[in-house]
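Please walk me through this model in the viewer, one selection at a time. I would like to know what to pick at each stop and what is found there.

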Amino acid sequence: AEGRLGATKVVLAKSTSYMNTSGTPVAAISKFLSVEPDHLIVVHDELDIEFGDIRTKFSGGHAGHNGLRDIIAHLGNDFHRVRFGIGRPPGQMQVSDFVLQNFSTDERKELAVLIALAADKVEELISA
């Protein structure tokens with residue numbers, strides 16, 4: 001989707017590839033649109049942040065996130081991130097099982113507000 005935020009042209013893209021291979025499509029659209037990595041905002045889930053907490057960050061490592069790992073491999077790590085906290089898996093649950101499961105009933109009740117807050121964080125980064 002394309003639009004404007006004030007005078008700034010904004011493109012919203014969602015990869016249809018597997019998350020673990022998101023570097024190729026992100027790099028491709030970045031190249032096609034001539035967008036430097038420091039003008040890129042990646043919104044992703046974050047295990048190391050409690051569910052419901054949303055934070056921004058510029059640059060850094062992948063913290064074990066395979067999608068970020070692949071984007072970093074293709075573009076380097078100097079891009080903006082909106083980190084959507086999902087928390088850690090309970091007990092001995094495998095991380096892969098945890099991130100692939102559906103949100104709980106209580107979490108689903110909060111999603112609309114949290115998505116709006118994440119969108120606000122994206123807007124703040126664009127407007128800065």
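Contact here means that heavy atoms lie within 4.5 Å of each other. The model is a predicted one.

**Stop 1: two helices**

Select residues 23-32, helix H1, together with residues 66-75, helix H2. Their axes are 8 Å apart and the two helices pack at an angle of about 45°. An angle of that kind makes H1 oblique to H2. The crossing of the pair is right-handed.

Now show the side chains where they meet. On the H1 side, pick Gly23, Thr24, Val26, Ala27 and Ser30; on the H2 side, pick Asp70, Ile71, His74 and Leu75. By type, the residues of this contact are four nonpolar, four polar and one charged.

**Stop 2: along H2**

Keep H2 on screen and colour Gly67, Leu68, Asp70, Ile71 and Ile72, which are buried. What do the buried residues of H2 pack against? They pack against H1, E3 and E5. Then step just past the end of H2 to Gly76, where phi is positive, at about 85°.

**Stop 3: Glu46**

Next select strand E3, residues 41-46, and find Glu46 in it. Is Glu46 buried or exposed? Its relative accessibility is 8%, so Glu46 counts as buried, the cut-off for buried being under 20%. Leaving out residues up to four places away in sequence, Glu46 touches Ala63, Arg83, Phe84, Gly85, Ile86 and Gly87.

**Stop 4: the largest nonpolar core**

In soluble globular proteins, nonpolar side chains tend to be buried together. To see the largest nonpolar core of this model, select Leu47, Phe51, Ile54, Val82, Phe84, Ile86, Phe98, Leu111, Leu114 and Ala118, ten residues in all. Strand E5 (80-85) and helix H4 (105-127) are the elements that give two or more residues to this core. H4 supplies the largest share, three residues.

Centre the view on Phe51. Setting aside its neighbours within four places in sequence, Phe51 is in contact with Gly85, Ile86, Gly87, Phe103, Glu107, Glu110, Leu111 and Leu114.

**Stop 5: another core**

Leu68 and Ile72 were coloured at the second stop as buried residues of H2.

Technical notes:
Residues are numbered from 1 along each chain as its sequence is written. This is a predicted model: local features need pLDDT of at least 70, side-chain atom pairs count only at pLDDT 80 or more; totals for chains, interfaces and linings use all residues. Side-chain values use heavy atoms; hydrogens and water are left out. Axes are lines fitted to C-alpha atoms, for helices over the stretch in contact, and angles run from 0 to 180 degrees between N-to-C directions. Helices (H or I, at least four residues) and strands (E, at least two) are DSSP runs, numbered from the N terminus. Angles under 35 degrees count as roughly parallel, over 145 as roughly antiparallel, 65 to 115 as roughly perpendicular and the rest as oblique. A crossing is left-handed if the near helix is turned anticlockwise from the far one by less than a right angle, and right-handed if clockwise. Ala, Val, Leu, Ile, Met, Phe, Trp, Tyr, Cys and Pro count as nonpolar, Asp, Glu, Lys and Arg as charged, and the others, Gly among them, as polar. A nonpolar core is a set of buried Ala, Val, Leu, Ile, Met, Phe, Trp, Tyr and Cys residues joined through side-chain atoms within 4.5 Å. Buried means under 20% relative accessible area, exposed over 50%, partly exposed in between (1.4 Å probe, protein chains only).
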